[in-house]
Amino acid sequence: MERRTVLKKTFAYLFVISVLVLLYFPVYWLITMSLKVRIDIMSIPPRWFFQPTWGNFAWLFHHYNLQNAVVTSIIVALSATLISLALGIPCAFALARFAIPRKKDVEFWIATTRMLPPVSVIIPFYFIWMSLRLLDTRTSLVMTYLVINLPLIIWIMMGFFRALPRELEEAARVDGASRWSSFLKITLPLALPGIGASSILSFIFNWNEFFFAFVLTTTNRTLPVEVASFMAVGLEVKYGEMAAAGVLASIPSLIFAILARKLIVTGFRGIAGFTMK
Amino acid sequence: MTVRQTYMDGKRFFSGLSENVWLMFLPALIILVLVTLPPFFYTIYLSVHDIDITKPYLGRNFIGLKNFATIFSDHRAIGSFTNTAILIGGMVVVEFVLGLLLALVIDSFFKKATWLVTLIIIPMTFPRVVIGLVWRIMLNPIVGVVNYLLQPVGGGPVDWLARPTWAMFSIIMVDVWQWTPFMLLMILAGLQSLPKEPFDASRVDGAGDFHVFRFITLPLLQPIIVVAIVFRLIDALRTFDIVYILTRGGPGTSTETVDIFAYYMGISEAGRISYAASVSLIVLYVTIILITLFLRFSRQWREELY
């Protein structure tokens, strides 16, 4: 018996370690590539030890003007997230608490919007923004991102509000607080973890979003679109520079993932409709 | 009648909805209507017309459902549907098996190691574009590290992204790499919410590991598994970036998914926006069916639990 558990434990450790190695090898590869000069990148067998350089990052800002994409990405991701939070949280609360007519249908519609295949809206969006002369602007991108964000936030927050006890709100209402003030002063503070989770997730999704930004913009490109465009620049692929841009594009999400790991776990569960703590 | 019931029925506290509630509720819904319904109706309008933006002189003729009929006689279109089915099927099956295995291992041996789960889910937050590019470079037949690492194991050099089957395999592999953690997260949540008694009872009765898993864990987990799988299916249906970055639908059209096909048809190559709109409507119908299933199962599961 004793030996069998030891054996099982060994297998479990080996399994988990190999999963971690497989998961992190590409990440390691990305980071080292961004610090390598071209000859080191192209060499086979790979150079595991090399002289690191910041040259790739410097090139991005001195010769490529990546600042623009960084600024666009930040503005678009932040404003889409903030607008969706302001609109989505009260809506989720109302849906979770009050007897709204045809509630099931509304919920279904919201879930559908959240999971909509992007192709099915991209063509109309393209022509609608074009006819409004808003194509290739940050405004249109933010508006388009509301399609993904608003339902996401409503969806996650609805689960959170449902899981909160009603008694406190009821007590506040009995004491004469209005619906808004009981919502703002009692419910909202209790729902802070949910708000954190949903806003971080929607920021990450906005920041990573590729398809809409790729189709709808040509000059106001976001970071992921810039990164992707390296594949097609000139005759030789600029691997190192591309990796450096990739590292930059991954940093915000990475920071959030590390700092707010609990929130991200709850958020991902919330997306799939799991309303647990 | 308890306070809660009156609250829910809206009898005493909320007889009818006051303006306050509407004010919470409507702004978001109005915006949502504005950003979803016009595109939706516009897509339907496009799909029943024959519009080619590269040939504006042809006008906008109403052709009814002809576009949909064309889809079913177009090899490339049908191919893109099959490719999508193979891809998302492959992705979700592998992700489920690996995710379940990982969840069981973590639940029985690493219960207290919350950092481990964090470490495993971090790759999920990386931009898919970046992931696609890293893998594309690693899979490169000449400068790629994957072929180099496979050499000692006996794998001959493979041109991963230039052979139809290998290209398909690579796309599935990259998606599995990024989204298995999601399955793990869902299944782990399920495992942790299971009641303890059946497990203790069966242990007392002397059941082995496999029997416990087969006859207790799996049946108890089944609802959450269904929810997780349907959810991943819906999400996998939207995989544009990884395919686009890795293969652009190639070699030829052998990894062309519906998204890529509609994008080429409507926007980048052909300008046949009507045709692309009809294709995307079919994707939409499939998604709606999946979502209906998802909501039904997840509601069932929640009602069972609480």
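Trainee: Taking the expected span of a helix as 1.5 Å times one less than its number of residues, how many residues does H6(A) have, and what does it reach from its first C-alpha to its last?

Mentor: In this predicted model, H6(A) has 13 residues and reaches 19 Å between its first and last C-alpha atoms, which is close to the 18 Å expected at 1.5 Å a residue.

Trainee: Which residues in H6(A) are buried?

Mentor: The buried residues of H6(A) are Val119(A), Ser120(A), Val121(A), Ile122(A), Ile123(A), Pro124(A), Phe125(A), Tyr126(A) and Trp129(A).

Trainee: And what comes just after H6(A)?

Mentor: Just after H6(A) you reach Arg133(A), which takes a positive phi of about 55°. Further along, in the loop between helix H6 (119-131) and helix H7 (138-163) of chain A, you find Asp136(A), which is not a glycine and yet has a positive phi of about 65°. As background, most residues other than glycine have a negative phi.

Trainee: What about chain B, where is Arg248(B)?

Mentor: Arg248(B) sits in the loop between helix H11 (241-246) and helix H12 (258-268) of chain B. Although Arg248(B) is not a glycine, its phi is positive, at about 55°, and it counts as partly exposed, because 14 C-beta neighbours lie inside 10 Å.

Trainee: Let's step back, what does the secondary structure of chain A come to?

Mentor: Chain A comes to 14 helices and zero strands, and its C-alpha atoms fill a box of roughly 75 × 75 × 30 Å along the principal axes. Of the 277 residues in chain A, 49% are buried. Among the contacts in chain A with a separation of 6 or more, 77% are between residues 24 or more positions apart.

Trainee: How is chain A divided into domains?

Mentor: Domain 1 of chain A covers 2-57 and domain 2 covers 62-271, with 32 Å between their centres, taken over C-alpha atoms.

Trainee: How many residues of the two domains are in contact?

Mentor: Ten residues of domain 1 of chain A are in contact with seven residues of domain 2 of chain A. On the domain 1 side, helix H1 (2-34), helix H2 (38-42) and helix H3 (55-62) of chain A are the elements that give two or more residues, and H1(A) gives the most, with four. The residues on that side divide into six nonpolar, two polar and two charged.

Trainee: And how many residues of chain A are in contact with chain B?

Mentor: There are 78 residues of chain A in contact with 78 residues of chain B. H1(A) provides the largest share of the chain A side, eleven residues, and that side divides into 61 nonpolar, ten polar and seven charged residues.

Trainee: Which residues have the most contacts inside the largest nonpolar core?

Mentor: That core has 161 residues, and those with the most contacts inside it are Cys91(A), Ala92(A), Ile154(A), Met157(A), Val227(A) and Ile187(B). H7(A) supplies the largest share, 17 residues, while domain 1 (2-57) and domain 2 (62-271) of chain A each give at least three. If you look at Ala92(A), leaving aside its neighbours within four places in sequence, it is in contact with Ile154(A), Met157(A), Met158(A) and Phe161(A).

Trainee: I've also got Ile137(B) on screen; is it buried or exposed?

Mentor: Ile137(B), in helix H6 (residues 128-138) of chain B, is buried, because 23 other C-beta atoms lie within 10 Å. Not counting residues up to four places away in sequence, Ile137(B) touches Tyr239(A) and Gly144(B). The C-alpha atoms of Ile137(B) and Leu246(B) are separated by 9.3 Å, and these two residues are 109 residues apart along the chain.

Trainee: Last topic, where is confidence lowest and where is it highest in chain B?

Mentor: Confidence in chain B is lowest in helix H1 (residues 3-9), at a mean of 45, and highest in helix H4 (residues 75-109), at 92. Over residues 1-15 of chain B pLDDT stays under 50, and the model has 15 contacts beyond four places in sequence for that stretch. Chain B has a mean pLDDT of 83, with 92% of its residues at 70 or more, and the model scores ipTM 0.88 and pTM 0.87.

How values were computed. Residues numbered from 1 in each chain as written. Chains lettered and ligands numbered in written order. Predicted model: local features only at pLDDT ≥ 70, side-chain atom pairs only at ≥ 80, totals over all residues. Domains from an automatic or database assignment. Nonpolar A, V, L, I, M, F, W, Y, C, P; charged D, E, K, R; others polar. Buried ≥ 20, exposed ≤ 12 C-beta atoms within 10 Å, placed from the backbone. Expected span 1.5 Å × (residues − 1). Core = buried A, V, L, I, M, F, W, Y, C linked by C-beta atoms within 7 Å. pLDDT = per-residue confidence, 0-100.
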